[in-house]
Amino acid sequence: MTKRKEQYNEATELTVAHEIRIRFNETDPLGIVWHGNYITYFEDGREAFGRQHGLTYLDIGNTGYTTPIVKSKCEHKLSLRYGDVVTIETTVVDTPAAKMIYRFRIIDAKGEVACTGETVQVFLDGDGNLMLTNPPFYEEWKRKVGLLK
């Protein structure tokens, strides 16, 4: 029996790496990145992905749709500290469902995985209605990047 999630494949050829430096205001009194900031780093990764592949929030908004996050998960492996330079790797997951799934890896300067995560976004039309099929702009984008034939 195949589990439903096993049908979804990371489109690793579309992975985008984005480097950031940990800022002082992102850390707790111990100098360690506060756990809630990792979700912000995921957003930085999604934005970098969108800029590189023509799928920014502004691009989406210009089509009349919004893509709210309905699920996020974050697994912490190593602590990050003020001043660290890290790379956020963002990969889109190819799924036939009407949603966008992104997977993240945050890599420290030593090349070690400090954090992994995933976000799921759905499509809402201009009236706020949930789309049960992929909007035309997303189908077109998937064709453009080679996810649909």
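Is Glu 26 buried or exposed? Glu 26 is buried, with a relative accessible area of 9%. The model is a predicted one.

**Salt bridges**

- Glu 26 and Arg 23 meet through their side chains in a salt bridge, at 3.2 Å from N to O.
- Lys 142 is buried, at a relative accessible area of 3%, while Asp 94 is partly exposed at 24%.
- Arg 103 and Glu 118 form another salt bridge, in which the closest N and O atoms are 2.7 Å apart.
- Here the link runs between strands: Arg 103 lies in β5 and Glu 118 in β6, so parts 15 residues apart in sequence are tied together.
- Arg 103 is partly exposed, with 26% relative accessibility.
- Glu 118, in strand β6 (residues 113-122), is buried because its relative accessible area of 7% falls under the 20% cut-off.
- The side chains of Glu 118 and Arg 103 are also joined by a polar contact of 2.7 Å.

**Aromatic pairs**

- There are 10 aromatic pairs in the model.
- One of them is formed by Phe 49 and Tyr 102, whose rings are edge-to-face, 5.4 Å from centre to centre and with 75° between the planes.
- Phe 49 is in helix α1 (residues 37-53) and Tyr 102 is in strand β5 (residues 99-107), so the pair ties together parts that are 53 residues apart in sequence.
- Both partners are buried: Phe 49 has a relative accessible area of 0%, and Tyr 102 has a relative accessibility of 2%.
- Phe 49 and Tyr 102 also belong to a cluster linked by ring pairs, together with Tyr 65, Phe 123, Phe 137, Tyr 138 and Trp 141.

**Helix α3**

- Helix α3 spans residues 136-144, and its buried residues include Phe 137, Tyr 138, Trp 141 and Lys 142.
- These residues lie on the same side of α3, because they cover an arc of only 135° around the axis.
- Pro 136 and Glu 140, on the other side of α3, are exposed.
- The buried residues of α3 pack against α1, α2 (57-61), β4 (85-94) and β5.
- Phe 137, Tyr 138 and Trp 141, buried in α3, are members of the aromatic cluster.
- After α3 comes Gly 146, which has a positive phi, near 90°.

Notes: Residues are numbered from 1 along each chain as its sequence is written. This is a predicted model: local features need pLDDT of at least 70, side-chain atom pairs count only at pLDDT 80 or more; totals for chains, interfaces and linings use all residues. Side-chain values use heavy atoms; hydrogens and water are left out. Rings of Phe, Tyr and Trp (its six-membered ring) pair if their centres lie within 6.5 Å; planes under 30 degrees apart count as stacked, over 60 as edge-to-face and the rest as tilted. Helices (H or I, at least four residues) and strands (E, at least two) are DSSP runs, numbered from the N terminus. Buried means under 20% relative accessible area, exposed over 50%, partly exposed in between (1.4 Å probe, protein chains only). A polar contact is a pair of N or O atoms within 3.5 Å; within protein, one must be able to donate a hydrogen and the other to accept it, and residues adjacent in sequence count only if both atoms are side-chain atoms. The arc is that of the directions from the helix axis to the C-beta atoms. Contact means heavy atoms within 4.5 Å. A salt bridge is a side-chain nitrogen of Lys or Arg within 4 Å of a carboxyl oxygen of Asp or Glu.
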